[in-house]
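The following paragraphs lead through a single chain, starting from one residue and widening to the whole. Please keep the sequence and the model in view while reading.

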Amino acid sequence: MENYIGTFIVFVILVIVVCLVIRSMISDKKKGKSLQCGGDCKKCGGHCH
């Protein structure tokens, strides 16, 4: 286990970062923002949210 403690710590940090990114994306989607059109319905016709 001592040989893998560094790998485990990096893995935990990566999992936390990925969870935060996903949470941010879900929050933006609920607020009407979207990666496809940036929340500007004039450009996409309102089909992205």
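Leucine 20 counts as partly exposed because its relative accessibility is 45%, a class that lies between buried (under 20% relative accessible area) and exposed (over 50%), with a 1.4 Å probe and protein chains only as cover. This is a predicted model, in which local features need pLDDT of at least 70 and side-chain atom pairs count only at pLDDT 80 or more, while totals for chains, interfaces and linings use all residues. Residues are numbered from 1 along each chain as its sequence is written, and side-chain values use heavy atoms, without hydrogens and water.

Leucine 20 sits in helix α1, which covers residues 5-30; helices here are DSSP runs of H or I with at least four residues, strands are runs of E with at least two, and numbering starts from the N terminus. With 26 residues, α1 reaches 38 Å from its first C-alpha to its last, close to the 38 Å expected at 1.5 Å a residue, where the expected span is 1.5 Å times one less than the number of residues. After α1 comes glycine 32, whose phi is positive, near 95°.

Taken as a whole, the chain has 2 helices and 0 strands, and of its 49 residues 10% count as buried.
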